[in-house]
Amino acid sequence: LEVDVFSRRGTDPAAAFLHRLIEKHDVADTEFLVDAGGYLTALARHELSGQLDYQIRNHIEKWFQTVTMRIDRFHSFWRGSQTSAKQWLRRFRHHYNHERPNQALDGQTPAEQIQN
């Protein structure tokens with residue numbers, strides 16, 4: 001799981017997100033599951049592969065529901081900057097990837113699942 005905050009949507013923010021992802025991780029053999037929000041074009045800019053598959057995408061949508069629920073709770077009490085929102089999302093990403101057991105992964109965290 002990787003997440004970031006941008007002030008707008010589209011191909012350029014998607015390309016910026018992917019650029020940072022490429023700098024942090026080896027994604028050469030990764031196939032991305034994306035929505036139509038500029039990501040297919042952004043993936044092509046970085047010579048990465050991706051697909052728009054609405055059946056598989058249900059897992060991603062479920063995850064987005066979880067993130068949206070958490071952000072709604074956070075936003076109800078938060079009055080801060082984009083920087084503080086990014087810091088909160090980094091903490092959430094770490095919690096989700098390394099600390100939170102996932103039912104779909106038989107109680108493992110995503111990090112444990114990838115390492116095994």
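Valine 67 is buried, at a relative accessible area of 6% (buried means under 20%, exposed over 50%, partly exposed in between, with a 1.4 Å probe and protein chains only). This is a predicted model, in which local features need pLDDT of at least 70 and side-chain atom pairs count only at pLDDT 80 or more, while totals for chains, interfaces and linings use all residues. Residues are numbered from 1 along each chain as its sequence is written, and side-chain values use heavy atoms, with hydrogens and water left out.

**Overall layout**

- The chain has five helices and two strands (DSSP runs numbered from the N terminus: helices are H or I with at least four residues, strands are E with at least two).
- Their order from the N terminus is α-β-α-β-α-α-α.
- The chain has 116 residues, and 27% of them count as buried.
- Among contacts with a separation of 6 or more, 41% join residues 24 or more positions apart (contact means heavy atoms within 4.5 Å).

**Nonpolar cores**

- The largest nonpolar core has eleven residues, including Phe17, Leu21, Phe32 and Leu48 (a core is a set of buried Ala, Val, Leu, Ile, Met, Phe, Trp, Tyr and Cys residues joined through side-chain atoms within 4.5 Å).
- Two elements, H1 and helix H2 (39–45), each give two or more residues to this core.
- H1 gives the most, with five residues.
- Alanine 42 is also a member of this core. Apart from neighbours within four places in sequence, alanine 42 touches Thr11, Ala14, Ala15 and Leu18.
- A second, separate core has eight residues, among them Trp63, Ala85, Phe92 and Tyr96.

**Second largest pocket**

- The second largest pocket has a volume of about 160 Å³. On a 1 Å grid over the protein atoms alone, a pocket is an open set of points where a 1.4 Å probe fits, with protein on both sides within 12 Å along at least five of seven lines; lining residues have an atom within 4 Å of a point. Grid points are joined across faces, edges and corners, and the volume is the space filled by probe spheres set on the points.
- Its lining includes Glu2, Asp4, Phe17, Arg20, Lys86 and Arg93.
- Helix H1 (11–24) and helix H4 (82–99) are the elements that give two or more residues to this lining.
- By type, the lining has five nonpolar, no polar and seven charged residues (Ala, Val, Leu, Ile, Met, Phe, Trp, Tyr, Cys and Pro count as nonpolar, Asp, Glu, Lys and Arg as charged, the others, Gly among them, as polar).
- Domain 1 (1–54) and domain 2 (57–115) each supply at least three lining residues (the bounds come from an automatic or database domain assignment).

**Helix residues and their partners in space**

- Valine 67 sits in helix H3 (residues 57–77). Its C-alpha is 8.7 Å from that of phenylalanine 92, which is 25 residues away in sequence.
- Tryptophan 88 belongs to helix H4 and is partly exposed, at 21% relative accessible area.
- Tryptophan 88 and isoleucine 71 are 17 residues apart along the chain, with 9.3 Å between their C-alpha atoms.

**Positive phi in loops**

- Glutamate 47 is not a glycine, yet has a positive phi of about 55°. Glutamate 47 lies in the loop between H2 and strand E2 (49–51) and is exposed, at 75% relative accessible area.
- Aspartate 106, also not a glycine, has a positive phi of about 55°. The loop between H4 and helix H5 (110–115) holds aspartate 106, which counts as exposed at 74% relative accessibility.
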